[in-house]
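Hello,

Here is the structure I promised to pass on. Please look it over first, then read my notes below.

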Amino acid sequence: MRMIARFKKGKEVKYISHLDILRVFQRALIRADILPAYSQGFNPHILLGFASALPVGVMSCAEYLECKLQNETEPEKFAEALNAVMPLGFEILAAKKVEEPFPSLMAITEKADYIIEITEPDGVGSEEIKTVITQMQNSAEMIVERKSKKGMKQIDIKPMIYSLETDGKTITCTLTASNVSNLRPDVLWEEIIRRTSGQPLAEITRTELYFNIDGSVLPLL
Amino acid sequence: MNLDKILPFVEKPARYTGGEMNMVRKDGAQVRFVFAFPDLYDIGMSHLGGKIIYHMLNEREDTYCERIFAPWVDMEQQMRQNNIPLFTLETQMPVKQADLLGFTLQYEMSYTNILNMLDLSGIALYADRRGEDEPLVFAGGPCAYHAEPLAPFMDFFALGDGEDELNDLIDLYKQYKVSGKSKTDFLRMLSKIDGFYVPSFYEPVYREDGILDEIKVLDKDAPKQAVRRVVIDFDNAYFPTKMIVPFVETVHDRIMLEIMRGCTRGCRFCQAGYIYRPVRERSPQKLRELAMETVKNTGYQEISLSSLSSGDYSCIVQLVEELKSDFKDKRVVSSLPSLRLDSFNEDFISDEMKRSSLTFAPEAGSQRLRDVINKNITEEDLLRTMNCVFSAGYTSVKLYFMLGLPTETMEDVADIADLAAKCVNQYRQLHGNIKNLKIVISTSFFVPKPFTPFQWCAQEAREELEQKRNYLSGLLKKVRGVEYRWHENKMGFIEAALARGDRRLSEVLYKVWQKGARFDSWNEYFSFTRWLEAFKESGLDMDFYTVRERGLDELLPWDIINSGISKKYLQKEYELSKNGQTTKDCRNGCTGCGMNKFIGGKCPCE
């Protein structure tokens, strides 16, 4: 059977990378006595996947994983068993069984909500933040430079922003998060900083992940 | 401490944030202990010894043991720029606030990191300049037996198996903390306990020619020699079944289950084989229990059955089979590192775990030289094992050798290429061609180590060693299917100087650190010229420590330590080596090294 679960990545573990998180869950399953299913072939691996990779330093209350299990398991038991053995900072918030056939989470992930909370303004006041955000809302394009394998690349991130708002202290936004287009919140935040007069610090949290199910775009859990 | 200011700017910030599964959290413990591994987190968290000490000390209600590692160069830069002192992973406590700070000495090239970590902590580097309110700084681990170059920086050294003596240390420390006595009083009491060496109670005196004349005992209460501790009941020795599981991928990301401690083979170059005697095994029953518990608490799916020579464990085949069936459904596989060519068994290669390659260490190319070093491996052993491994489907094998072993000739070096070619032929006989075969030959330069029969040997001169390596390289180029891997680095020469160094080398250490040395075991940071400069500025000759042969009656800097192995025995082994005579595995009969006398009875595996 395939189980999907929504989980939290809290402040205690915000610097854990995506690949590290994969291992965290692989080991948690063994500790929780939940037997995962394995792939066939020469190098069998646990059939565990995630909807969308989260950058190092970003927290979340809307991460999703999917896992094929060897035995039928109740979602509540699944969540309970895992929560009893997860390291501090990780928590399964909800779980659900998936009826096959169902596409992989990664294939149907479309967009994500983020909150960027400014923790240290470094002289950049709320008026300045409002001005920068308004500027960004009104511009037709937003070119940022990203390092790629072949050197520096220029990418227009404006079309990857569904919405962008602020009250001067907190910025909320909805950005693309699919496997054809993914705007990392820290990249957006870097661009925002670049347009300010200082070097403010912020805490970034993903608050929702949206999936495309037969045309409807919504959270799964 | 606001680390969020600097962590976004460093590689793998999770190295510094702790919070791992099974990390210990504690409040209100009387004694604050900090365990320091003087290298990067990714390396240090693979070290079983550190986990044993960490969890064992944390079992004590009165003690909180936290960890620190050497911050990577990017993190160090951020810390210095932002005035952030070295802090523990568990609570971000500045290390300077600890009661006891213990470094583990696993290899000499980590010494400069120790100085750097003390400096980053804001702790005075020299022990005699440390205030009463600064932590007591000490070091343990294999190199502690011969760490005179670090002596001025350490309040004391811990010698031997840590399980018992560290508990004694804390018991004594607790008394001292409330007594109002001075550090020196504490050290005086400590020096009377077996397992501790207090360098400030001894003064080395040198002759005109630089050779050690005497080691003066300065304190009337200090023992004539510091004696190592041995844990005899190994079956019941502490094992951390709830061991900490790192988030970051470490070098060895698996459970290390210590099946045995010590080794009976007596290879003459190998220090570990002497200082970890006697051999003590854990029972298979105990190991299965420990394995079960540890998998349950960690979720690891690989167990490495660790020891100095796992193929020699008396019930190894039975243990491997039993573990296979114990963990069938959880798919936990066991692996065996450190396998000798003469005790290799095809049961050791599990079907579930296809490693990409297997590694063996013939060490020398000719039987004559292997006899000199008492390796006791024959060509037949090598080829039989190759046959076994190739038949099981392996196409990649790594073979380790050393260059510069005592009495080595160019013929011996040529014999390495010869052996490589024979291994290739073995494969060709089995498969008809050598299309997929990759035999990697890896060599390092022999470094004579204290407490071995070769502790009197001269290390071969740099130019000659490099010449031998180039010669071997030329020969191996002609053997298809073989790749020769060697690093252009001169680390082995510095290692050789530090390994048999005396207290005067502390000045070299201090100077080379001031010049920016750190992460000296890393190719990209090691600088031979920096070390040469430091030697020159200290007025010391590196050759005195490396290529000089020691006299048999010469007083050696590490003679202040009693390892349990008699010096006479080592001398006898040295003489035997000169004639290429071998000594048997002492499981087959005691060879008189002195260990049984040392522990006051028969060795456990006799």
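Predicted model: local features only at pLDDT ≥ 70, side-chain atom pairs only at ≥ 80, totals over all residues.

**Confidence**

For the complex, the predictor gives an ipTM of 0.93 and a pTM of 0.96.

Residues are numbered from 1 along each chain as its sequence is written, and chains are lettered from A and ligands numbered from 1 in the order in which they are written. Local features need pLDDT of at least 70, side-chain atom pairs count only at pLDDT 80 or more, and totals for chains, interfaces and linings use all residues, while side-chain values use heavy atoms, with hydrogens and water left out.

**Where the chains meet**

Contact here means heavy atoms within 4.5 Å. By that rule, 28 residues of chain B touch 25 residues of chain A. The buried area (accessible area, 1.4 Å probe, that two parts lose on being put together, summed over both) is about 2,300 Å². Carbon and sulfur atoms give 57% of that. On the chain B side, Met21(B), Phe247(B) and Lys330(B) lose the most area to chain A, together 27% of what that side buries.

Seven salt bridges cross the interface (a side-chain nitrogen of Lys or Arg within 4 Å of a carboxyl oxygen of Asp or Glu). Lys14(A) and Asp4(B) form a salt bridge at 3.2 Å, N to O. The side of chain B that touches chain A has 11 nonpolar residues (Ala, Val, Leu, Ile, Met, Phe, Trp, Tyr, Cys and Pro), 10 charged (Asp, Glu, Lys and Arg) and seven polar (the others, Gly among them).

**Inside**

A cavity is a set of points, on a 1 Å grid over the protein atoms alone, where a 1.4 Å probe fits but cannot get out. The whole structure holds 10 cavities of 30 Å³ or more. The largest cavity has 17 lining residues (an atom within 4 Å of a point). Nearest its centre lie Thr264(B), Pro278(B), Cys586(B), Cys603(B) and Glu606(B). Its lining divides into nine nonpolar, five polar and three charged residues.

Best wishes

Conventions
1 Å grid on protein atoms, 1.4 Å probe; cavity = no way out; pocket = protein on both sides within 12 Å on 5 of 7 lines; lining within 4 Å. Points joined across faces, edges and corners; volume = space filled by probe spheres on them.
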